[in-house]
Amino acid sequence: MEVAGNVKTARQMGLVACTRCTRVWPMGTETCGRCGHHLESRDTESLQRVWAWLIVGMVCYVPANIYPMLRTTTLVSTQENTIVGGAIELGLHGNWGIAIVILVASVLIPVGKFIAIGGLAIGVQHRPALSSIRRQQLYEVVEFIGRWSMIDVFVVAILSSLVQLQALASIKPGPASLFFALSVIFTMLSAQSFDSRMIWDSDDSGAGPAPGPSDETASQGQSPRAIG
């Protein structure tokens, strides 16, 4: 969906928006009069936090796939399964639907988030291939799916609490569950640290030039739309 009309950033209009309550104030205002949040036009240190949280999340994701996620103990044996190994075993037993859900939620989505957040950060530092609108939509998708990233940890917690038959059978979480949870948390912190307002600064096509006298005459009665 393309944005129609004369689109300008709040910075071009001499305004600064509160990132907590979205109230717009004149440039130079230090504190939001509505919620008391500190105002700044751009968070210049946000990219450092984005890369720091993202790298730590990627480091934690490696042992999350190497170590076992579940440890199943029965009367005669003990079985350990990694994320991918458990999904493959479910598929071999005919549960391909569940196996696909696990692979998507545990492999495809986390790797996709790593690539998306890294791509957004690189796009701010260098000239991006995607338009500002597309990158903003990508950021919103990453923010939306972040809340569903803990599905594996929830499944392990539920199984561990339900399957406890003492000496007959029990299911306990493996060390991978801790690393996977940490990876999800650090990735969410990385996405939240990203100042999405910088998306519109790195693409000249995302914000039109300042209007001249003729433009102001032609646009009487129609105020331009600020996008942050």
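Visitor: In which helix is Ser 183 found?

Guide: Happy to. Ser 183 is in helix α6, which covers residues 175-193; helices here are DSSP runs of H or I with at least four residues, strands are runs of E with at least two, and both are numbered from the N terminus. One word on the model first: it is predicted, so local features need pLDDT of at least 70 and side-chain atom pairs count only at pLDDT 80 or more, while totals for chains, interfaces and linings use all residues. Residues are numbered from 1 along each chain as its sequence is written, and side-chain values use heavy atoms, leaving out hydrogens and water.

Back to the serine. With a relative accessible area of 3%, Ser 183 is buried (buried is under 20%, exposed over 50% and partly exposed in between, with a 1.4 Å probe and protein chains only). Leaving aside residues up to four places away in sequence, Ser 183 touches Gly 57, Cys 60, Tyr 61 and Phe 114, a contact being heavy atoms within 4.5 Å.

Rings of Phe, Tyr and Trp (its six-membered ring) pair if their centres lie within 6.5 Å; planes under 30 degrees apart are stacked, over 60 edge-to-face, and the rest tilted. The rule gives four aromatic pairs. One of them is stacked: Trp 53 and Phe 186, at 5.6 Å centre to centre and 20 degrees between the planes. Since Trp 53 sits in helix α1 and Phe 186 in helix α6, this pair ties together parts 133 residues apart in sequence. Phe 186 is buried at 17% relative accessible area, whereas Trp 53 counts as partly exposed at 30%.

Tyr 67 and Phe 179 make another stacked pair, 6.0 Å centre to centre with 20 degrees between the planes. Here Phe 179 in helix α6 is linked to Tyr 67 in the loop between α1 and β4 (70-74), 112 residues away. Tyr 67 has a relative accessible area of 41% and is partly exposed; Phe 179, at 27%, is partly exposed too.

Now for the nonpolar core, meaning buried Ala, Val, Leu, Ile, Met, Phe, Trp, Tyr and Cys residues joined through side-chain atoms within 4.5 Å. The largest core has 30 residues, and Leu 47, Met 69, Ile 117, Phe 180, Phe 194 and Ile 199 touch the most other members. At least two residues of this core come from each of α1 (46-66), α3, α4 (132-145), α5 (151-162) and α6. Helix α3 gives the most, six residues. Ile 199, again without residues up to four places away in sequence, touches Leu 120, Ser 132, Arg 135, Gln 136, Tyr 139 and Phe 194. Another core of six residues lies apart from this one, with Cys 21, Trp 25, Cys 32 and Leu 39 among them.

Stepping back to the chain as a whole, there are seven helices and seven strands, in the order β-β-β-α-β-β-α-α-α-α-β-α-α-β along the sequence. Of its 228 residues, 37% count as buried. Among contacts with a separation of 6 or more, 67% join residues 24 or more positions apart.
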